[in-house]
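Dear colleague,

I am passing a structure on to you, and I would be grateful if you looked through it before reading my notes.

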Amino acid sequence: MASSPPLPKKNSEYREAQYWDERYQHALDTAPYEWFCDFDAFRDLLEPELQPEDRILVLGCGNSALSYELLCGTFPNVVSVDYSPVVVTAMPMYPSMLRWETMDARALSFPNSTFDVVLEKGTLDALLAGEQDPWTVSPEGIQTVDEVLSEVSRVLTPQGRFILLTGAAPHFRVQHYAQPHYGWSLRHASYGSGFHFYFYLMHKGGELSPAQQALGARLHAPPSPPSSPCFLQDSDKEDFLSAMEL
């Protein structure tokens with residue numbers, strides 16, 4: 001039975017390539033680790049969005065079996081990237097039809113419009129690990145997400161699809177994905193039993209709904225000033241007890 005992967009000392013280490021290099025030192029001898037369920041859990045959502053001839057990019061592949069599962073599902077044109085050279089070196093244990101490269105999702109070296117589909121499963125979650133408040137992501141976190149999504153939009157074909165799997169619910173993430181300059185539409189669904197995970201589909205050439213645009217605009221709105229504190233007056237003439245609705 002495969003042992004559990006080593007946990008970082010603090011969540012922010014999930015953002016660092018060094019942590020993943022250390023984690024994947026024995027990737028050849030360990031079973032694939034799957035974030036947010038294995039392929040069968042979201043197959044029914046994913047496969048209808050794919051065509052056999054699609055050129056597919058898997059971001060932050062880790063030692064997941066996702067790329068291999070795609071190959072087995074008659075989607076042979078798959079390129080997988082990760083910024084840990086250690087895990088990329090271990091991945092040729094899979095068939096040679098699959099291609100693996102060391103690359104940072106924030107600075108992809110592929111030309112514009114290279115891929116029909118980009119798949120991301122847990123990469124943004126790792127890059128946002130350590131954020132203090134999921135409702136209010138730091139400016140650095142917002143910039144990181146934008147760097148990744150801008151690169152995804154750039155390497156997608158004009159009718160390409162970005163498919164993202166995450167544990168982050170829509171009320172945390174839609175505002176990040178619903179930015180007009182990416183040039184895509186946005187919809188989402190949930191999957192999994194017991195604990196729900198989320199499947200987001202962004203289609204290049206589509207449009208955001210007005211509600212999504214409004215959510216996206218809030219991401220860059222200046223913070224609201226704190227409201228003035230309200231105190232009860234300390235007065236013998238204040239008959240507040242008689243005004244209470246019990």
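A nonpolar core, as the term is used here, is a set of buried Ala, Val, Leu, Ile, Met, Phe, Trp, Tyr and Cys residues joined through side-chain atoms within 4.5 Å, where buried means under 20% relative accessible area with a 1.4 Å probe, protein chains only. Please note that this is a predicted model, in which local features need pLDDT of at least 70 and side-chain atom pairs count only at pLDDT 80 or more, while totals for chains, interfaces and linings use all residues. Residues are numbered from 1 along each chain as its sequence is written, and side-chain values use heavy atoms, with hydrogens and water left out.

The largest nonpolar core has 36 residues, and Leu46 and Ile163 are among those with the most contacts inside it. Elements giving two or more residues to this core include α2 (39-46), β1 and β4, helices being DSSP runs of H or I with at least four residues and strands runs of E with at least two, numbered from the N terminus. A second, separate core of 35 residues includes Phe115 and Met202.

Leaving aside neighbours within four places in sequence, leucine 46 is in contact (heavy atoms within 4.5 Å) with Phe39, Leu70, Leu119, Ile163 and Phe199.

As for the strands, seven of them form an open sheet in the order β3-β2-β1-β4-β5-β7-β6, with mixed pairing, two strands being paired if DSSP finds at least two bridges between them. The edge strands, β3 (99-102) and β6 (184-191), each pair on one side only. Strands β1 (residues 56-59) and β4 (residues 115-121) run parallel and are joined by four bridges, with leucine 57 standing opposite valine 118 in β4.

With best wishes

Conventions:
Buried means under 20% relative accessible area, exposed over 50%, partly exposed in between (1.4 Å probe, protein chains only).
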